[in-house]
Structures are given as structure tokens and as C-alpha cells.
Amino acid sequence: MNKSTWESTVKPVVVLSIIALVVSFLLALVNSFTAPIIEENQKAATLAAYVDVMPTVSDAKTLEEVTGFTTENVTGVVKAEEKGFDGGILTVIMGYDTNGTVTGIWVDASTQTKGIGSNVATDTFLAQFNGMDGTQNIAIGQGGFDAYSGATISSKALFAAINDCVNCYNELA
């Protein structure tokens with residue numbers, strides 16, 4: 001191998017490979033430190049959403065996990081996710097009372113288009129679901145439930161996630 005081939009072809013490949021290995025190692029190291037913190041923050045945000053949708057709960061510390069598969073005489077929450085606009089995940093958490101009535105709904109639409117699809121998570125829009133029968137599936141434009149104008153895909157994802165929650169609740173009932 002002559003000197004010009006080494007300098008112009010092989011050396012840059014070797015140097016870039018070493019840089020890529022070092023950067024990959026550093027990213028893995030940073031991830032190992034931040035992953036538990038990120039997981040704890042996500043858990044705290046989810047628990048806060050649970051408290052928001054359950055009016056009888058004032059603090060996440062009073063929540064307990066129920067492992068039995070029944071909803072009889074239990075207030076609780078159901079969480080569902082659906083793909084919204086551009087494949088972004090839309091998350092819905094619905095609170096239920098012992099009669100299957102929805103006590104609250106929390107939506108994370110942060111992956112949807114800001115100012116359009118993200119509007120399906122506004123309190124004003126979600127108010128239409130307050131007190132709904134949480135044992136019955138719903139459809140856009142029926143039973144007084146409307147889509148958000150201009151956010152068709154995000155609205156469809158929201159309704160699909162709500163129906164996923166309803167179906168899950170019904171399976172456990």
C-alpha cells in the first residue's frame with residue numbers, strides 16, 4: 001500500500017471508525033445513567049394523570065394496584081394508546097367509578113401537530129366525555145360526540161383509544 005492510498009482512503013476510514021466507537025460508548029454510558037431517571041419521571045407523570053381522572057383520589061400515594069381481573073366495586077383507570085397523525089402515539093387515560101361511569105379523561109397528544117391535532121387534549125374539547133357511560137363504545141358524530149375540526153386523524157386516534165379503554169374495562173367487568 002503506498003502512502004497516498006493510506007492517507008487518502010484507509011486513514012480517514014480508521015479514524016472515523018474509532019470516533020464512531022468512542023461516541024457510541026459515550027452514548028451508551030449516558031443512557032445507562034439517564035434511563036432510570038427518565039423511567040421515574042414517566043411513572044410520576046402517569047400517576048399524576050391517574051389522580052387527575054379520579055376525583056376520589058387526592059394523592060398518588062393512596063393508589064394501589066389491583067391484580068384481580070374484575071371491576072366490581074372498584075374505581076380505577078384504564079390506559080390506551082393509538083397511532084395518530086404521522087404515526088405519533090396518542091395516549092388516553094380514563095378514570096371509572098364503580099358503576100362504569102367515566103370520572104375523567106386525560107390525553108397526551110404532544111406527538112400530534114401543535115395547535116391542530118394537539119387540541120384534542122384540551123379541557124374544553126375533552127369536556128364532552130365527562131360522565132359518559134364508560135361501558136359503551138362511541139363514534140364520531142354520534143351520541144353528541146364530535147371530532148375536533150381540522151384534526152381528523154388525531155380525533156380518530158382519540159376515539160379509537162377511548163374505545164380501547166371501554167373494551168378493556170368491559171373485558172375486566
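Biologist: What does the side chain of Asn119 make a polar contact with?

Modeller: The side chain of Tyr148, at 3.2 Å. A polar contact is a pair of N or O atoms within 3.5 Å; within protein, one must be able to donate a hydrogen and the other to accept it, and residues adjacent in sequence count only if both atoms are side-chain atoms. This is a predicted model: local features need pLDDT of at least 70, side-chain atom pairs count only at pLDDT 80 or more, and totals for chains, interfaces and linings use all residues. Residues are numbered from 1 along each chain as its sequence is written, and side-chain values use heavy atoms, with hydrogens and water left out.

Biologist: Is Asn119 buried or exposed?

Modeller: Buried, at a relative accessible area of 16% (buried is under 20%, exposed over 50%, partly exposed in between; 1.4 Å probe, protein chains only).

Biologist: Switching topic, how many disulfides?

Modeller: The whole structure has 0 disulfides (cysteine sulfur atoms within 2.5 Å). For Cys165, the nearest cysteine sulfur is that of Cys168, 7.3 Å away. Cys165 is buried at 0% relative accessibility, while Cys168 is partly exposed at 31%.

Biologist: And how many aromatic pairs?

Modeller: The structure holds 5. Rings of Phe, Tyr and Trp (its six-membered ring) pair if their centres lie within 6.5 Å; planes under 30 degrees apart are stacked, over 60 edge-to-face, the rest tilted. Tyr96 and Tyr169 are stacked, 4.2 Å centre to centre with 10° between the planes.

Biologist: Which residues do ring pairs link into a cluster?

Modeller: Phe125, Phe129, Phe145, Tyr148 and Phe159.
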